[in-house]
Amino acid sequence: MGRPSQPLLSRESIARTALELLEERGPQALTMRALAQRLGVRGASLYHHVASKDDLLDAALERINEEIDLAPLDDPRWREGIAAYARGYRRVYLRYPHMIALVARRRVEADKALRGYDTLIAALVRIGCTPAKAAEVAAALDYLVLGSALETFTAGFTRPPDRYRPAYPSLAAALEDADADPSGLAGLDDRGFEAGLALLLDGLAAVVTPDQGGTPLALEG
């Protein structure tokens, strides 16, 4: 039997290629025509696997959610488990930052996404949160993870720290001290995420059952 003249398509391969195109060329470049060209097929062939641009985004989101590790949420040391989950969640979206703006206000329908939220909320209820508080904490984690993956604080300050004087002395001093850290200004975004995560977990510790374990969070980096 001869080899097929066109590459075999699947929903997964289309989603993977869409993510590659998105991150290489940005959201405006992600069209069905461009995706078909990238895959070397006719545009109509895509519609056997994805019904529309919205369905394509759902498929891409499904693929991203497959990369998010939920296993840390089973850790009986709840602080360490939630921290590991949040760090892994952020690492995934740091690979796909352009996807965040496209999905941030979309409905959550994909099974893996719903399963992820269900697993997180179950873990939070298990350590003593009410369901309502668990929803608030899940939302706060989303804001922290996705916001830190989408935005870079450090890149907004393009001058050397001392060039913000004399007009902005407090900012200059803060950036100079941040630059003195072993990871320098390049590591400030990661350190900011870690600081936010520690504060969130400290707040969570005030409302969960005291005997659920967990130790003060050691910041990474």
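Buried residues, meaning those under 20% relative accessible area with a 1.4 Å probe and protein chains only, make up 41% of the 221 residues in the protein. The structure is a predicted model, in which local features need pLDDT of at least 70, side-chain atom pairs count only at pLDDT 80 or more, and totals for chains, interfaces and linings use all residues. Residues are numbered from 1 along each chain as its sequence is written, and side-chain values use heavy atoms, with hydrogens and water left out.

The protein contains ten helices and zero strands, where helices are DSSP runs of H or I with at least four residues, strands are runs of E with at least two, and numbering starts at the N terminus. The C-alpha trace spans about 65 × 50 × 30 Å along its principal axes. For residues 31-50, UniProt lists "DNA-binding region" in an unreviewed entry; such annotations may be inferred rather than shown by experiment. This span is 60% helix and 0% strand, and its end C-alpha atoms lie 13 Å apart.

Four aromatic pairs were found in a search of the whole structure. Rings of Phe, Tyr and Trp (its six-membered ring) pair if their centres lie within 6.5 Å; planes under 30 degrees apart count as stacked, over 60 as edge-to-face and the rest as tilted. Phe157 and Tyr164 form an edge-to-face pair, with 6.1 Å between centres and 80° between the planes. Of these two residues, Tyr164 is buried, with a relative accessible area of 6%, whereas Phe157 is partly exposed because its relative accessibility is 28%; exposed means over 50%, and partly exposed lies between the two limits. Tyr85, Tyr89 and Tyr93 are linked by ring pairs into a cluster. The charged end of Arg90 sits over the ring of Phe193, 4.6 Å from the ring centre; this requires NZ of Lys or CZ of Arg within 6 Å of the centre and within 35 degrees of the ring normal.

Pro161 is placed in the loop between α8 (131-150) and α9 (169-180). This proline counts as buried because its relative accessibility is 12%. The C-alpha atoms of Pro161 and Ala60, 101 residues apart along the chain, are separated by 40 Å.

One cavity of 30 Å³ or more was counted. On a 1 Å grid over the protein atoms alone, a cavity is a set of points where a 1.4 Å probe fits but cannot get out, and lining residues have an atom within 4 Å of a point. The largest cavity holds about 30 Å³ of space, the volume being that filled by probe spheres set on the points, which are joined across faces, edges and corners. Its lining consists of Asp58, Leu61, Arg107, Val108, Glu109 and Ala110.

Note on methods. 1 Å grid on protein atoms, 1.4 Å probe; cavity = no way out; pocket = protein on both sides within 12 Å on 5 of 7 lines; lining within 4 Å.
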